[in-house]
Amino acid sequence: MDFTVADPGGDESSAHPDPRRRVTENALSKAEMVAERNGEALVMAADTVVYIDGFILGKPSSKDEAADMLRRLSGNVHKVFTGVAVIHPTSGRFVDFEETLVHIRRLSEEEILRYVESGEPMDKAGSYAIQGYGAVFVDRVVGCFHNVMGLPLALLSRMLREAGVELL
């Protein structure tokens, strides 16, 4: 499928304490901003957060915050939530989310600091990239691996089918 990447032009604005609601509200908001500028285009947007012990971890705003997030994840299990929104010009709006459990092995302080210095955590929810260097921190994933990367492909495919769009 040919596609164009479009910056929605706004920040994730939902502050809902429930991570499911937060990611679905943010994904829909992003999709709506893009759809308003692109007329009859099929639009898809997503938003991802990491959730641990009642705290929502988005993208870190500093190296110190990234290191603190990694310390919190070290040796623990967390959930990754990604909200997906599809806006089809004739079929309507479709919004859903995916939830995945991720087990992170115990990290040394040196590993955390070296990883933060690599720069990779700075634009990632929860301060790690499972598709990058951060993969070596992950012991186990229970659920959709692609969700942890930020786009649950099986969910997106189902939603597109519901909108009348077949990928295969």
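Start at a pair of residues: select tyrosine 51 and isoleucine 56, which stand opposite each other, the latter in E2. This is a predicted model, where local features need pLDDT of at least 70, side-chain atom pairs count only at pLDDT 80 or more, and totals for chains, interfaces and linings use all residues. Residues are numbered from 1 along each chain as its sequence is written, and side-chain values use heavy atoms, without hydrogens and water.

**The hairpin.** Select E1 and E2. They form a hairpin with 2 residues between them. Click on aspartate 53 in the turn: its phi is positive, about 50 degrees. The two strands run antiparallel and are joined by 3 bridges. Strands pair here if DSSP finds at least two bridges between them. Helices (H or I, at least four residues) and strands (E, at least two) are DSSP runs, numbered from the N terminus.

**The sheet.** Now show the 5 strands of the open sheet, in the order E2-E1-E3-E4-E5, with antiparallel pairing. E2 (55–57) and E5 (138–142) stand at the edges with a single partner strand each, so one side of each has no neighbour in the sheet. From one strand to the next the twist averages 30 degrees.

Move to alanine 85 in E3, which stands opposite alanine 45. Alanine 85 also stands opposite valine 95 in E4. E1 and E3 pair over 9 bridges. E3 (residues 77–88) and E4 (residues 92–104) are joined by 12.

Colour E1 by burial. Of its 10 residues, 8 are buried, so the strand is largely enclosed by the rest of the structure. Buried means under 20% relative accessible area, with a 1.4 Å probe and protein chains only.

**The helices.** Angles run from 0 to 180 degrees between N-to-C directions of axes fitted to C-alpha atoms.

Finish at the largest pocket, with a volume of about 1,300 Å³. Centre on Met44, Ala45, Ala46, Gly150 and Leu151, the closest to its centre of the 41 lining residues. A pocket is an open set of points on a 1 Å grid where a 1.4 Å probe fits, with protein on both sides within 12 Å along at least five of seven lines; lining residues have an atom within 4 Å of a point. Which strand gives the largest share of the lining? E1 does, with 8 residues. H1, E1, H4 (145–149) and H5 (153–162) each supply at least two residues.

Terms used: Buried < 20%, exposed > 50% of the residue type's maximum accessible area, 1.4 Å probe, protein only. Points joined across faces, edges and corners; volume = space filled by probe spheres on them.
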